[in-house]
Number of protein chains: 2
Amino acid sequence: MKSQFDITVLRLNHRPSRDKRVSTHIALTTRAIGGKKVYYSGHYDTSLEQSVERVKGTWGGSFEIEFLEKPLKLIKNWKGVSIHLTMYGSKLSEGVQETKQRLLDDPTLPVLIIVGGAKVPPEIFEYSTINLSVGNQPHSEIAALAVVLDRLIDSENWEFDFPEPRLTIIPDSRGKNVLENTEKSEKSKESE
Amino acid sequence: MKSQFDITVLRLNHRPSRDKRVSTHIALTTRAIGGKKVYYSGHYDTSLEQSVERVKGTWGGSFEIEFLEKPLKLIKNWKGVSIHLTMYGSKLSEGVQETKQRLLDDPTLPVLIIVGGAKVPPEIFEYSTINLSVGNQPHSEIAALAVVLDRLIDSENWEFDFPEPRLTIIPDSRGKNVLENTEKSEKSKESE
C-alpha cells in the first residue's frame, strides 16, 4: 500500500565521522515507513547519501535525501505541521493526537519531523508546531522517530510500496525468503 | 509508573569500534521504556558499559548491562517468550499480538527481545519463540526495537519509574524544564 500521508524528516547537525550510521538509520527508517524524503543539515556527506542510494537501488522506490544549508528556513516556512523531537517537549500521546487531528482535517497536510541533537538552537523550539518528547529519559533519536512515525501512520504493518525493487522479502516465520526480481519471478529460498 | 512486564534485550555481535553508538541507543531505548537489562554478545566493551552507567548515574534507576559469552545458551534456555527481530520474520502485528496474548495469560512471563545483525546463525531463528519483522525493508535495529517495545507495552506515554535521579525533565511544550534533585526541589528553568 501507499503511505496515506506526506512525510518528510529533517536531521539536524549531521557530523560525517560520528553520525553516519545514526543518520543512515534515520533515513532508512523514514523510507521504510513510507516517508518521501530526508533533509540533513550540518556537514555534507557523500557517503551517507550513497548508503541511502544503495538501499534504494536494491529495494526500490523513489526516496530522496538532500543536504540543506539552512534548516531554520525550511522549518520557518513549512506549510504544514512540524514536529520537533526533543527530550524537552510535550507528552508523546498529546503531540501525536494533535497531529492526527490535523491530518484528519486535511490528510494532504505535509508533515515535517525534525530530529535534533545535543545542541539545538532555540528557534527550532519556537518555529516548530509541536515540540514532542518520547519519554523524558535520554535514549535514541532513531527510536523516537520510529515510535512517532509508527503511531502517526497507525498501520498494522510497515508495508508500503517500493516500486521496481531488485529484491523483495516474503514474510516467513522460520527464515529468509527472498524474491529476486532481476530475473522475473525467480524465487530463492534459503534455509537461514 | 512501573513497567508491567519483565523485559530483557539481547544485542548480538557487538563490535566496539563500529557499533558503540548503535548498541548504546539499543540499551538506552530499552531502559527508557522500562526494560530491566541488556545483554550483549560479540566483543566486550568497557566504553559501552560506561555510557550506560553514566546515564543511570544522572537519570536514576537500576538498569543493567552485561556482556555474554554464549548468547545461544541464553536463548535456548529462556523461560518465557523470545522475539528475534529480523528482516526475515513474521509480520509485526502478528508477532506482537501473539506475545500480548501470552502476556495476558501470564503478565510475569519474561520477555527476551533479540536484536540481531547482518550475520545471524540459523539457531537464532530456530530457538526464538517468534521471528518478527518490522516491515520487509532494511532500516534500523533501533527503530525495530523501539516499535516492538512501544506496541508491547501499549502505554500512552513512556513514563516509567527511575528512582533516585540527579536530573528529572518536566514535560514542557516550549522548552527545557529540568529539575535538579541533588539539592532537593531546586528547579532550574532555562529559556531553551
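Predicted model: local features only at pLDDT ≥ 70, side-chain atom pairs only at ≥ 80, totals over all residues.
Chain A has an open sheet of six strands. The order is 3-2-1-5-4-6, and the pairing is parallel. Which strands stand at the edges? Strand 3, residues 64-67, and strand 6 of chain A. Each has a single partner strand, so one side of each is left without a neighbour in the sheet. From one strand to the next, the twist averages 30 degrees.

Strand 1 of chain A covers residues 6-14, and strand 2 of chain A covers 37-42. They pair in the parallel sense over five bridges. For one of the residues, look at A:Val9: its bridge partner in strand 2 of chain A is A:Val38.

Next, the helices. Helix 1 of chain A lies across strands 1, 2, 3 and 5 of chain A. Against strand 1 of chain A, helix 1 runs at about 175 degrees.

Helix 1 of chain A, residues 16-32, also meets helix 2 of chain A, residues 46-59. Two packed helices are described by the angle between their axes and the distance between the axes. Here the axes come within 9 Å and cross at roughly 30 degrees. Angles under 35 degrees count as roughly parallel, so helix 1 of chain A is roughly parallel to helix 2 of chain A. The crossing is right-handed.

Who makes the contact? From helix 1 of chain A: A:Pro16, A:Lys20, A:Ser23, A:Thr24, A:Ala27 and A:Leu28. From helix 2 of chain A: A:Ser47, A:Leu48, A:Ser51, A:Val52 and A:Val55. By class, that is six nonpolar, four polar and one charged.

On to the domains. Chain A is divided into domain 1, residues 6-161, and domain 2, residues 162-192. Taken over C-alpha atoms, their centres are separated by 29 Å. The contact takes seven residues from domain 1 of chain A and six from domain 2 of chain A. The domain 1 side has two nonpolar, four polar and one charged.

Last, the partner chain. 47 residues of chain A are in contact with 47 residues of chain B. Several elements of chain A each supply at least two residues to this side, including helix 2, strand 4 (81-91), helix 4 (92-105) and helix 6 (141-153). Which element of chain A gives the most? Helix 1 of chain A, with seven residues. The chain A side has 20 nonpolar, 17 polar and 10 charged residues.

Key: Residues numbered from 1 in each chain as written. Chains lettered and ligands numbered in written order. Axes fitted to C-alpha atoms, helices over the stretch in contact; angles between N-to-C directions. Helix = DSSP H or I, 4+ residues; strand = E, 2+ residues; numbered from the N terminus. Parallel < 35°, antiparallel > 145°, perpendicular 65-115°, else oblique. Left-handed = near helix turned anticlockwise from the far one by under 90°. Contact = placed C-beta atoms within 7 Å. Nonpolar A, V, L, I, M, F, W, Y, C, P; charged D, E, K, R; others polar. Domains from an automatic or database assignment. Pairing = 2+ DSSP bridges.
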